[in-house]
Amino acid sequence: MSAPGVQSFTKQGWDQVLAKVKRAVVYMDAACAESLHWGCGSTRLLKAVGGPACHLREFEPAAVGGGAEQPKAVFVLSCLLKGRTVETLRNIICRSHFQYCVVVTAVDHAVHFTANHASAAPAAELEGQQPEFEQLEDKLCEWMGNMNYTAKVLHIPLLLAPAAPHLALTPAFASLFPLLPQDVHLLNSARPDKRRLGSLAEVDANALPPELLLQIRCLVSGLSSLCEHLGVREECFAVGSFSRIIAADLANYVPAKNRRKTSAGRASVVFVDRTLDLTGAVGHHGDNLVEKIISVLPQLPGHTNDVMVNMVELTALQNEEENQNMVAPGCLAQSNDPAAKALWEALLNSKHKEAVMEVRRHLVEAASRENLPIKMSMGRVTPAQLTSYIQLFKNNLKALVNHCGLLQLGLATVQTLKHPQTAKWDNFLAFERLLLQSMGESTMPVVLNQLLPMIKPSNQRTNDDYSPEELLILLIYIYSVTGDFSEDKDLAETEEKVKKALAQAFCEESELSPLLQKITGCDSPGNLTLHRSRIAVDDVFASLRDIAGARSLMKQFTSVYVPGNHAHQASYKPLLKQVVEEIFDPERPDPVDIEHMSSGLTDLLKTGFSMFMKVSRPHPSDHPLLILFVVGGVTVSEAKMVKDLVLSLKPGTQVMVLSTRLLRPLSLPELLFATDRLHPDLGF
């Protein structure tokens with residue numbers, strides 16, 4: 001058996017679920033569906049349920065109940081069993097004929113106890129009793145209408161959606177994002193009787209709203225289960241103030257402390273705040289095909305990390321707009337198809353040009369194996385050439401079924417290469433490079449002035465011009481890469497011009513995109529007054545200022561900009577690259593910005609003694625496994641960069657990149673300007 005990792009952890013969780021679902025009606029929420037989608041695929045679930053009918057339903061208040069011939073239900077949920085979730089459970093069960101209910105939650109019992117009693121679990125918890133789950137089991141029997149029916153509530157840590165052996169995401173925490181300085185003002189106004197917080201550096205767990213603290217604890221519960229599966233005792237480190245709160249919570253989480261006493265392996269878990277470097281998240285320098293696919297194809301409904309691939313080309317239907325909803329879309333996750341999975345992992349780990357050639361090679365080999373009449377052609381790979389190979393499979397059902405996963409990835413590639421947004425990708429890249437060069441020679445007002453002529457109302461825009469959302473992406477890039485800058489009259493005037501032009505452009509949109517609706521609080525351009533648009537733009541710029549100052553609390557990682565000289569052009573140096581290089585620096589200096597989180601008295605004594613005795617402090621490079629958790633999302637090319645960098649700096653060290661979500665450039669304006677970071681909706 002291979003060494004345990006993110007894929008075996010997810011598979012182990014789903015194996016436990018699948019063992020419970022035979023002949024059951026299965027209700028599942030979106031985050032668990034996404035974990036299943038990447039972890040083992042819905043076909044395995046349907047096979048485990050058995051029977052001719054599909055009894056898989058979305059867990060929601062309007063979900064259809066179970067009929068008289070459906071006595072068994074399994075609910076698979078990513079969240080705490082409390083509030084709206086319990087009401088939905090009750091409603092579904094009360095209108096059904098169930099006699100046997102299993103409820104699986106991805107959050108362990110200790111967190112449920114804290115959520116219901118605002119304190120840590122008592123000694124009974126340590127003796128294997130689970131009073132919160134037992135109470136809910138009684139309620140389930142009550143709702144089924146007979147206390148002699150069977151009800152079981154259990155915890156299975158379905159935390160991850162593994163995209164690759166080195167990369168996994170946490171769908172239930174896709175909207176978790178580090179706090180900004182403006183959030184400190186909100187925290188202060190919510191606690192007028194307590195000491196004022198001066199900056200993000202002073203924000204600790206006690207200062208957070210209870211729902212955000214619980215959300216962090218739910219994440220920590222899942223990460224602790226992952227460490228248990230990996231058999232490791234983890235040391236926790238943090239880069240950034242929000243990461244510090246999460247790392248401290250994991251270090252001091254009581255079930256984790258008990259688990260660590262018996263763990264044989266060792267690992268370093270380093271949490272990093274995304275806000276310290278948004279340049280990499282909105283930039284277009286990642287030379288990676290998958291990054292482009294995720295950015296230009298529409299999102300798979302209900303998912304944060306996968307896209308819809310139009311499969312109409314493989315059917316007899318005309319590829320018209322109205323036919324696209326008649327054929328189920330393809331996607332990128334191919335967890336049950338070894339050949340497609342191998343191609344997917346190759347795409348994640350290659351540059352754009354190599355990746356496109358790899359797609360061609362796989363298609364040619366598959367067509368040859370099926371004895372399809374393939375015409376070989378070398379040289380540059382074109383969308384037309386790939387399409388001609390894909391078309392060969394069209395009327396051959398056996399070949400279609402055998403290579404369905406590969407054809408989905410092939411069509412995703414073709415549709416991305418032909419997409420108008422892909423041509424624009426290079427425009428973004430050119431503008432970003434221009435910005436990097438001009439930053440060294442000119443001031444912030446000059447840089448912003450370059451943006452002014454690009455702000456155009458919708459009736460004056462061509463396909464090459466930037467939409468308001470794309471302008472927000474460029475603004476995030478400018479403010480993040482520039483970092484802290486000095487105030488002056490010139491800057492205030494230029495910012496004012498940009499704000500005015502942007503507010504006007506918002507008002508003149510023919511229709512408001514979902515993002516602009518969230519930012520402005522208006523659902524149609526008719527309701528959007530210039531005054532309201534101006535308020536929204538002022539809020540956007542307040543966030544941009546916060547982003548520019550995000551690294552001001554750092555002592556070492558203060559910049560991601562490398563000025564040019566006579567030999568080299570100015571460039572961007574990713575923060576994650578700086579963090580990994582610092583971790584594996586052969587000199588092993590004491591990390592300045594990578595803070596170790598102590599998990600109790602022994603650690604504190606070590607840290608104290610190290611000031612005047614030769615006691616080595618824990619260092620993130622001490623252990624054979626590094627888990628890097630980026631709070632707020634990661635891009636495909638960042639994950640590849642980290643993997644390659646660790647391999648070159650310290651071969652033999654295993655690395656896993658975990659994050660809340662896979663980022664596309666457009667994810668960032670949503671997370672920054674249209675998400676309530678302090679008050680996640682936990683349903684109660």
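Buried means under 20% relative accessible area, exposed over 50%, and partly exposed in between (1.4 Å probe, protein chains only). This is a predicted model in which local features need pLDDT of at least 70 and side-chain atom pairs count only at pLDDT 80 or more, while totals for chains, interfaces and linings use all residues. Residues are numbered from 1 along each chain as its sequence is written, and side-chain values use heavy atoms, with hydrogens and water left out. Helices (H or I, at least four residues) and strands (E, at least two) are DSSP runs, numbered from the N terminus.

**Salt bridges**
- The structure holds 28 salt bridges, each a side-chain nitrogen of Lys or Arg within 4 Å of a carboxyl oxygen of Asp or Glu.
- Asp249 pairs with Arg217, with the closest N and O atoms 2.7 Å apart.
- Because Asp249 sits in α10 (241-251) and Arg217 in α9 (210-230), this pair ties together parts 32 residues apart in sequence.
- Asp249 is buried at 11%, whereas Arg217 is partly exposed at 22%.
- Lys499 and Asp538 form another salt bridge, at 3.5 Å between the closest N and O atoms.
- Lys499 belongs to α22 (489-507) and Asp538 to α24 (530-548), so parts 39 residues apart in sequence are tied together.
- Salt bridges with shared partners join Glu496, Lys499, Arg534 and Asp538 into one network.

- Arg23, not a glycine, has a positive phi of about 55 degrees and lies in the loop between α1 (6-18) and β1 (25-28).
- In α25, 7 of its 9 residues are buried, among them Leu575 and Ile583.
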